[in-house]
Amino acid sequence: MPELAEIQTVIDRFARNGMRGALLPLLHALQEEFGFVDPQAVPLIAEALNLSRAEVHGVVSFYPDFREQAPARHVVKLCRAESCQSRGSAAIEAELVRRLGIGMGDARPDGQVALEPIYCLGLCAIGPNALVDERPVAGIDRAAVERIVAEVTA
């Protein structure tokens with residue numbers, strides 16, 4: 001967990017510049033710095049940018065790319081776009097769910113791995129596809145599922 005002083009340092013970079021529309025860039029900076037937007041940052045951001053806590057929380061909770069808790073050590077994002085679905089991603093998802101012991105959108109309680117949906121990686125011709133720790137994996141089959149599970153559970 002980041003310390004309040006560390007959070008405030010990031011906030012101050014944006015608030016001091018008087019940057020118009022600073023909320024999204026600030027949230028991205030916090031997420032990049034700490035891996036998530038700590039809920040204790042919301043009142044600090046609101047005060048610095050003269051916004052309500054509800055406005056800040058609304059933006060954080062609206063955009064799926066913002067996390068409100070520390071991410072798992074490994075994140076598997078499986079494509080759910082139509083092209084990957086037509087190429088068998090539902091079976092791959094079922095196998096990952098079974099092998100990892102978590103549902104789509106969940107993380108293991110030990111924080112080792114999370115399984116998340118993503119919609120289109122632009123590799124449609126060679127799906128189903130995923131991002132494993134932000135690294136693209138294309139043409140996933142049962143052998144690829146074995147490699148992914150071994151990688152993220154090691």
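**The helix pair and the sheet**

Modeller: On the side of α2, the residues L23, L26, L27 and L30 meet A41, I45 and L49 of α3, where contact means heavy atoms within 4.5 Å. The residues of this contact divide into seven nonpolar, no polar and no charged, counting Ala, Val, Leu, Ile, Met, Phe, Trp, Tyr, Cys and Pro as nonpolar, Asp, Glu, Lys and Arg as charged, and the others, Gly among them, as polar. This is a predicted model, in which local features need pLDDT of at least 70 and side-chain atom pairs count only at pLDDT 80 or more, while totals for chains, interfaces and linings use all residues. Residues are numbered from 1 along each chain as its sequence is written, and side-chain values use heavy atoms, with hydrogens and water left out.

Helix α2 (residues 23-34) and helix α3 (residues 41-49) pack at an angle of about 145 degrees with their axes 12 Å apart; axes are lines fitted to C-alpha atoms, for helices over the stretch in contact, and angles run from 0 to 180 degrees between N-to-C directions. Helices (H or I, at least four residues) and strands (E, at least two) are DSSP runs, numbered from the N terminus.

Turning to the sheet, five strands form an open, mixed arrangement in the order β2-β3-β1-β4-β5, two strands being paired if DSSP finds at least two bridges between them. Because β2 (106-107) and β5 (135-137) stand at the edges, each with a single partner strand, one side of each is left without a neighbour in the sheet. Strands β1 (residues 74-79) and β3 (residues 113-118) run parallel, joined by six bridges, and K77 stands opposite E116 in β3.
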